[in-house]
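Colleague: Before I use the terms in your notes, I would like to see the grounds for them.
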Amino acid sequence: MMDAQKNLYREEAYELLAVLEDALLELEQHPGNMEVVGKVFRAMHTIKGSGAMFGFDDIASFTHTIETVYDMIRNGRLQVGKDIISLTLKACDHIKTMLGTIQGEEKADEAKSHKLTEAFRKFLPQKEEETPGGMGKSLPEVASDRDAGEAGTTYRIRFKPHQDLFSNGTNPVPLLNELRGLGECSVICHLKGLPELQEMDPEGCYTGWDIILTTGSDANAIQDIFIFVEDTSDISIEPIGCILQDEDDLAYKKVGEILLERGDIREGDLEKALASQKKIGEVLVETGVVKRSQVASALMEQEQVRGTRKKHLAGDETSSIRVPALKLDALVNLAGELVTVQARLSEFSARENDPDLMGIAEDVEHLSAELRDIAMGIRMLPLGTTFAKFKRLVRDLSSELGKEIGFITEGEETELDKTVIDKLSDPLVHLIRNSIDHGIEQPDKRIASGKPVQGFIRLTAEHAGAHVLISITDDGAGLDTGLIRAKAVEKGLIAADATLTEREIHKLIFAPGFSTSTNVTSVSGRGVGMDVVRSSIESLGGAVEVISAPARGTTITLKLPLTLAIIDGLLISLADESFVIPLAAVVECVDLTGADISRGHGRHLIKVRDEIVPYIHLREVFDTRGKRPEREQVVITDLAGKRVGFVVDKVIGEHQTVIKNLGHLFKATNGVSGATILGDGSVALILDIHKLIQQAEVDDAA
Amino acid sequence: MTKKILSVDDSASIRQLVSFTLSREGYEVVEAVDGTDALDKVRSWPVDMVITDLNMPNMDGIELIKALRSDPAFKFTPIVMLTTESVMTKKDAGKQAGATGWIVKPFKPEQLVAVVKRLLV
Amino acid sequence: MGRLFFEDSTGDRVLTAAGKLTIQDASLLKDLLMDAYSSPKRLLVDLTNTESLDLACIQLLCSANRTFRRAGKPMGLCAVPAGGVLRSLEDVAIDPASCDAELKGHCLWVTGGGR
């Protein structure tokens with residue numbers, strides 16, 4: 001067997017294992033979700049099946065028993081429990097080891113395979129072992145067609161049983177589970193009909209449900225589920241959005257419209273609520289027109305319809321090819337160069353004033369810009385896989401610490417440059433560990449302070465202009481300003497009597513060598529913490545911010561550039577040389593007048609809006625020849641809250657910069673992070689202001 | 001924990017079909033030949049569900065359902081009746097008596113499994 | 001069938017619900033809750049040994065929490081309920097965030113009740 005094919009299998013298997021892990025964690029949350037069970041089964045099946053084909057017989061035989069177990073779960077003959085899930089996660093890890101050791105001479109740990117297989121066997125009835133996938137056909141309408149079922153229509157289902165629902169032995173839970181098995185399903189329960197305890201018939205049903213279901217099955221299949229309760233319930237099933245609608249029909253129904261459509265409110269209520277400028281849902285709840293759960297249910301519907309449409313528009317993700325990252329980098333590089341050449345062409349044609357040439361130049365400009373965007377786009381990856389990794393982290397660490405933590409991710413579809421994503425993993429691990437370890441309190445403490453037992457950590461990503469914001473939010477204890485302050489004084493980071501705002505104190509956690517953890521745990525590190533996070537984010541051209549409220553929790557936001565290869569820069573000049581300052585760091589530009597300098601008393605200080613800002617003279621840094629111009633300009637930058645000015649001859653303007661790596665000859669050049677080629681073909685150096693500031697501080701100290 | 005199901009039918013072939021289909025799905029099935037036999041069996045063998053034919057000698061399905069429902073231990077136990085399309089009145093009588101669901105004969109094994117899953121937690 | 005019983009300590013009345021609680025237990029559960037309602041003692045519900053709760057029992061506990069609260073009587077959970085309880089709540093899709101019972105912040109399942 002050729003190694004290339006084996007590698008392909010290995011790559012595929014790693015991907016499947018990631019899918020598998022994700023599905024397992026979801027299964028832990030919703031053990032009744034047959035769709036997820038199906039996912040687990042299929043992933044195992046593929047790992048096993050192609051394992052045998054590619055000569056990984058040990059993996060094939062190892063996964064055989066696991067597959068059988070999940071086949072039974074799929075057919076409802078076995079209940080999924082924490083034990084099976086934990087065991088399967090262990091098995092995933094073991095498969096990874098097996099994939100890793102395959103190429104080497106050493107055999108994977110056979111004793112371990114045996115032990116795990118035995119553990120799985122315990123779940124099987126005695127004679128069952130030899131028939132993997134044998135009974136798979138017993139309930140075809142539930143599990144098997146899921147792959148092909150490209151989740152077509154979204155239905156709004158209202159299920160309001162009569163009070164006597166239970167009296168003939170009906171339990172609504174299996175019905176809800178059957179609906180959940182049909183597709184993507186959100187269920188919300190209404191308890192508004194619940195009477196006071198005294199008046200309650202203990203054997204009566206007072207609960208109703210709103211269900212939003214996106215499924216490939218038709219309305220009849222849904223109707224069929226309710227067939228036994230038709231006489232004892234009010235049921236309505238309405239399609240609310242076929243995802244195959246025209247693209248321009250993308251306006252989502254407003255919450256008010258949904259409530260109106262459902263008959264929860266009347267036209268008059270809606271108009272009244274709209275008249276006040278607040279969120280419609282809030283108004284309707286406040287005025288007692290609807291219950292909170294009705295609004296939540298309408299919001300849920302909106303959310304699911306939106307999600308389904310997005311998915312549909314995203315198209316078929318499976319038709320893709322694999323390309324080595326290096327080839328992509330080369331493509332991006334070439335596209336960047338083409339943009340540069342095109343700029344020269346445009347300049348030349350403008351000079352020649354030849355209408356034909358100008359026409360061609362314009363076409364080339366459009367095409368090359370488009371080419372560059374596409375090339376950059378190819379390197380963009382959704383954050384989903386990175387986020388998924390953290391689910392396991394949160395699960396493992398929280399159980400290790402005896403904390404209950406829910407983990408919510410949002411914006412997995414947000415895309416970032418692959419290079420940025422690769423460098424993001426470690427800082428995020430660190431931040432999430434911190435939230436688990438220091439942020440979320442122990443369950444008893446949470447109960448004592450009136451919080452839900454289960455804490456949560458929310459990991460979100462969203463676009464904001466040319467940046468992506470990634471936030472980690474926990475609902476834990478918040479930062480302890482007193483403790484941080486004391487620690488900072490102890491470490492000599494601030495004077496004991498320094499007056500600091502709360503924000504400034506929070507920022508101290510990013511100071512080098514800072515850690516408030518009084519005892520070192522295995523979870524979050526030993527003082528090599530947040531400063532490393534900060535510097536690695538800043539090295540990506542990003543920034544870190546922290547917001548925290550006592551007892552309410554902490555949010556840490558990472559602001560990252562969409563891509564590393566193109567930055568928005570500010571073009572400046574020193575004599576006849578051009579430089580680029582990353583625009584993200586620039587706050588403002590001011591003139592440097594003689595008066596300002598003298599006020600600095602020979603030290604490099606300038607007063608900007610009543611604030612004293614130190615500045616660095618770039619002419620001095622780069623030994624620029626020639627006379628200083630009469631009127632110099634200062635570019636004020638802000639890095640991690642610290643303002644520093646850079647004196648330049650002239651600010652030319654904003655410039656979108658394609659970064660080119662400097663050859664190794666320039667490695668020694670401090671304070672420069674790269675170069676770019678300008679429209680006229682000349683080279684401009686991109687300043688690494690972080691380094692420049694550090695260097696200046698060193699020089700000052702010397 | 002294995003769920004226990006009582007299959008009540010005077011036809012041995014139907015009992016066998018029910019028994020075979022459901023035990024293959026991991027349920028434990030016990031058989032009874034009519035209503036009287038069924039009441040006798042459940043006294044010593046508490047079940048999670050009863051699947052009963054309607055037309056049977058001695059005690060028929062309707063009577064069995066009524067008897068089970070009047071026993072506090074079976075007040076909320078899911079009961080499935082096996083009926084034929086032609087006798088809708090029988091189905092309604094069964095519903096009145098307190099049946100939870102029904103299966104129309106003839107049925108395919110997977111239909112039986114689907115109904116059991118729909119009614120058993 | 002589950003097991004339901006009271007244990008009284010000074011000031012508290014602990015209602016323990018163990019095993020699988022179903023509608024078969026609902027009448028007894030209501031009687032015990034009513035009994036606790038007329039007692040001056042604080043009611044604590046112990047769900048640490050509960051394997052599962054069906055909708056009938058969940059409804060009763062929700063209603064009791066609201067009724068107790070309206071009357072200004074203390075009621076709550078005495079400890080974090082067993083995982084089976086949380087799964088049971090998930091099964092019937094009870095979402096504390098959108099609870100109707102005008103109990104924002106006092107839902108029995110979120111905060112352990114208003115103790």
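Modeller: The answers below set values against definitions. This is a predicted model, in which local features need pLDDT of at least 70 and side-chain atom pairs count only at pLDDT 80 or more. Residues are numbered from 1 along each chain as its sequence is written.

Colleague: Why is A:Glu203 called buried?
Modeller: Buried means under 20% relative accessible area (1.4 Å probe, protein chains only). A:Glu203 has a relative accessible area of 18%, so the term applies. The residue is found in the loop between β2 (183–190) and β3 (208–215) of chain A.

Colleague: What makes the pair A:Glu203 and B:Lys75 a polar contact?
Modeller: A polar contact is a pair of N or O atoms within 3.5 Å, where within protein one must be able to donate a hydrogen and the other to accept it. The side chains of A:Glu203 and B:Lys75 are joined by such a contact at 2.7 Å.

Colleague: Which residues is A:Glu203 in contact with, leaving aside neighbours within four places in sequence?
Modeller: Contact means heavy atoms within 4.5 Å. The partners include A:Gln163, A:Phe166, C:Ile23 and C:Ser27.

Colleague: What makes β14 and β15 of chain A edge strands?
Modeller: Two strands pair if DSSP finds at least two bridges between them. The open sheet has the order β14-β17-β18-β16-β15 (chain A), with mixed pairing. β14 (586–592) and β15 (605–608) each have a single partner strand, so one side of each lacks a neighbour in the sheet.

Colleague: How do you know that β14(A) pairs with β17(A)?
Modeller: Six bridges join β14(A) to β17 (residues 632–639), and the two run antiparallel. A:Val590 has A:Val634 as its bridge partner in β17(A).

Terms used: Chains lettered and ligands numbered in written order. Heavy atoms only, no water. Helix = DSSP H or I, 4+ residues; strand = E, 2+ residues; numbered from the N terminus. Buried < 20%, exposed > 50% of the residue type's maximum accessible area, 1.4 Å probe, protein only.
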